Amino acid sequence: MSLSLDARQRAMLQEMGVTVWAPPPARPLPPPVAAPAQAEAEAAIASAAAPTPVLHAQPTPAAPSAPRQPAHAAAPAAPASEPRTAGAAPTGLLLRAPVALYPQADPQAVPPELGAGWLVVLESPTPAEPLAGDSGRLLDNMLRAMRLHRHPRTFVATLNRHAPGLTAEGLEPAAGLQQALQTLRPSLVLVLGLGAARVVLGSREPLGRLRATAHHLPDGTPAVVSYDPAYLLRAPDAKAAAWADLCRALALVRRSTAP
């Protein structure tokens, strides 16, 4: 049941204390009027969403002229995967002149199975003092375990990072290694670390494969690859494998000096 009451009837019922809960008649709502700021924002959004027409100006005919050359032409970038030439050393590596590690050793007391001499090549954090620091002390312990501290012809040639080119501190690795081999004539070259292995052997193989076999340099000198002391400090579990490499190097020299 619905009641259709006008304003006068409602006022009479209200004076009598009768509450009428019927909803008042709906009145039409006026159309919404956007505020000036809102209207401007909506217009801006609409204009931004619409594609902006591109106006093409008609080109003005001009006399042909020679193309302008840039002051400094940029060199073409080399491809990221450009293969490195076999035997090439990483840029910025220098090979210092070999130095004797134990010159005080008695040459008359050298065990004959150690051969005529050894050359150790590695990348050292202290190239001027290869036996300094923690890695240098570990290198000294490794060589002493091989009894090389009793050989006055135990040499080390360190690789250090430097600007490429010849300097007073060292030579490019290829030239420096060839010169060291011709001068020292070592019985074996002990290569410690992947960086040194790539310089000495000119190979891009991983260190595990390089350690797995003995190598021969172009002049016939044998070479054995193992971990460098800096890596062994970070991964002491690899010390057993490094000792096996050193024993293989000793056995190789022992066989070459056997009567």
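Predicted model: local features only at pLDDT ≥ 70, side-chain atom pairs only at ≥ 80, totals over all residues.
Visitor: Why is Ser226 called buried?
Guide: Buried means under 20% relative accessible area. Ser226 has a relative accessible area of 0%, so Ser226 is buried. You will find Ser226 in strand 7, residues 222–226.

Visitor: What makes the pair of Ser226 and Asp245 a polar contact?
Guide: The cut-off for such a pair of N or O atoms is within 3.5 Å. The side chains of Ser226 and Asp245 come to 2.9 Å, and this is a polar contact.

Visitor: Why is the pair of Arg211 and Asp245 called a salt bridge?
Guide: A side-chain nitrogen of Arg has to lie within 4 Å of a carboxyl oxygen of Asp. For Arg211 and Asp245 the N to O value is 2.7 Å, a salt bridge. Arg211 belongs to helix 6 and Asp245 to helix 8, so the pair ties together parts that are 34 residues apart in sequence.

Visitor: Which residue does Asp245 also meet in a salt bridge, with 2.8 Å from N to O?
Guide: That partner is Arg248. Asp245 and Arg248 are separated by about one helical turn, because they are 3 residues apart in helix 8.

Visitor: How do you know whether Asp245 and Arg248 are buried or partly exposed?
Guide: Compare each value with the limits: buried is under 20%, exposed is over 50%, and partly exposed is in between. Asp245 has 1% relative accessibility, so Asp245 counts as buried. Arg248 has 31%, so Arg248 counts as partly exposed. Through shared partners, salt bridges join Arg211, Asp245 and Arg248 into one network.

Note on methods:
Residues numbered from 1 in each chain as written. Heavy atoms only, no water. Helix = DSSP H or I, 4+ residues; strand = E, 2+ residues; numbered from the N terminus. Buried < 20%, exposed > 50% of the residue type's maximum accessible area, 1.4 Å probe, protein only. Polar contact = N/O pair within 3.5 Å; in protein donor to acceptor, adjacent residues only side chain to side chain.
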